[in-house]
Amino acid sequence: MPEIRNYTINFGPQHPAAHGVLRLVLELDGEVVQRADPHIGLLHRATEKLAETRTFIQNVPYMDRLDYMSMMANEHAYVMAIEKLLGIEVPERALYIRVMFDEITRILNHLLWLGAHALDVGAMTVFLYAFREREDLFDCYEAVSGARMHAAYYRPGGVYRDLPDRMPKYEVTHGRNAEQIRKMNENRQGSLLDFIEDFTRRFPRNVDDYETLLTDNRIWKQRLVGIGVVSPERALSLGFTGPMIRGSGIAWDLRKKQPYAAYDRMDFDIPTGTNGDSYDRYLVRVQELRESNRIIKQCVDWLRKNPGPVITGDHKVAPPSRVEMKQNMEELIHHFKLFTEGIHVPPGEVYAAVEHPKGEFGIFLVSDGANKPYRLKIRTPGFPHLAALNEMARGHMIADVVAIIGSLDIVFGDIDR
């Protein structure tokens, strides 16, 4: 019988299941993983250092590019930190818009996670289904900000502009005739809120489709049940947050425990697992899709009934309207100072955290009273999760490492920063 030797192999960075640029050095005994050593930094872009050379407003688009699957959730933590230091009130309508787009972002993130995780394990169809729904949500992003992904829609003091009264429509092309285009535009006849409401009606059936394909699928369960088990005690010790700690049975969610924006007025549940394995983390995230849908419905109802301002009226923080700026000398000066110099934030330090789709995303901001951050430190959820990979993968097969990485839901934009 041939002798089994210990091997050291590179898993990634070009491996399709390494989710970006993870280089994992695996020590193997046959096909059993003895040690997994993640090598990170291949996507390091010095976001925290660059932030010190940009004004507070100019840093908002950098936030989109951290975890580039959860764009507006990153922005939310950053603008909350600035608002805490400035001590300004955000209009209530802006808070509800933020909650609605945070949950749209959560669905966007979880749909990509679900499709990619299933694809890693060998299921193709879910990926195509999930991306069909993502397209509708990207259209919502585009309607409010003009960009499909990197929105830069949240601003200190509120959001960039109010929700549009009409949705962009498809136009006839050489590939599609008028009848096909008419069908595609059926739910785009009204405002953005009408479009989102139509989405919330359709979405639960779509989640049922994903569950039909996966939840009781024999192969899916064989690949996930009992893989990457983390006990509740270990999950706490390792600094897990988000679906990772909830999958281990701890109902920790910042939206309930430290409510921000308008979450204290929302009715939703926190799904938790029982076994702390990859399958439980899958179930938690799928249930979160349904809960996010519930929250979006509540926001749509409130926003329909309550028009109002969406950004603070303090022109030292937010620019005046174009009309005011062209009619009034003082507003013109405010506009000029804001766009050349930026906001001057009072000296101090602050930590602001949101319940990001992947866990607790926090911004630690130090200001010295200038128009740029003195220091910016980002607490990203994926970092402690990846750090636990060695412990979770030990004793499993190489194929199980792929399933564990999938269940971590890691994105390197935020790990490497």
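Me: With Ala, Val, Leu, Ile, Met, Phe, Trp, Tyr, Cys and Pro counted as nonpolar, Asp, Glu, Lys and Arg as charged, and the others, Gly among them, as polar, how is the lining of the largest pocket divided by class?

Reply: The lining holds 9 nonpolar, 6 polar and 3 charged residues. The model is predicted, with local features needing pLDDT of at least 70 and side-chain atom pairs pLDDT 80 or more, while totals for chains, interfaces and linings use all residues. Residues are numbered from 1 along each chain as its sequence is written, and side-chain values use heavy atoms, without hydrogens and water.

Me: What volume does the largest pocket have?

Reply: Its volume is about 450 Å³ (the space filled by probe spheres set on grid points joined across faces, edges and corners). A pocket is an open set of points on a 1 Å grid over the protein atoms alone, where a 1.4 Å probe fits, with protein on both sides within 12 Å along at least five of seven lines; lining residues have an atom within 4 Å of a point.

Me: Which lining residues are closest to the centre?

Reply: Of the 18 lining residues, these are Arg155, Tyr160, Pro319, Leu338 and Phe339.

Me: And which helix gives the largest share of the lining?

Reply: Helix 14, residues 329-340, supplies 4 residues.

Me: Changing topic, how many helices and strands are there in the chain?

Reply: The chain has 18 helices and 8 strands (DSSP runs, H or I of at least four residues and E of at least two, numbered from the N terminus).

Me: What are the dimensions of the box that the chain fills?

Reply: Along the principal axes, the C-alpha atoms fill roughly 90 × 60 × 40 Å.

Methods: Nonpolar A, V, L, I, M, F, W, Y, C, P; charged D, E, K, R; others polar.
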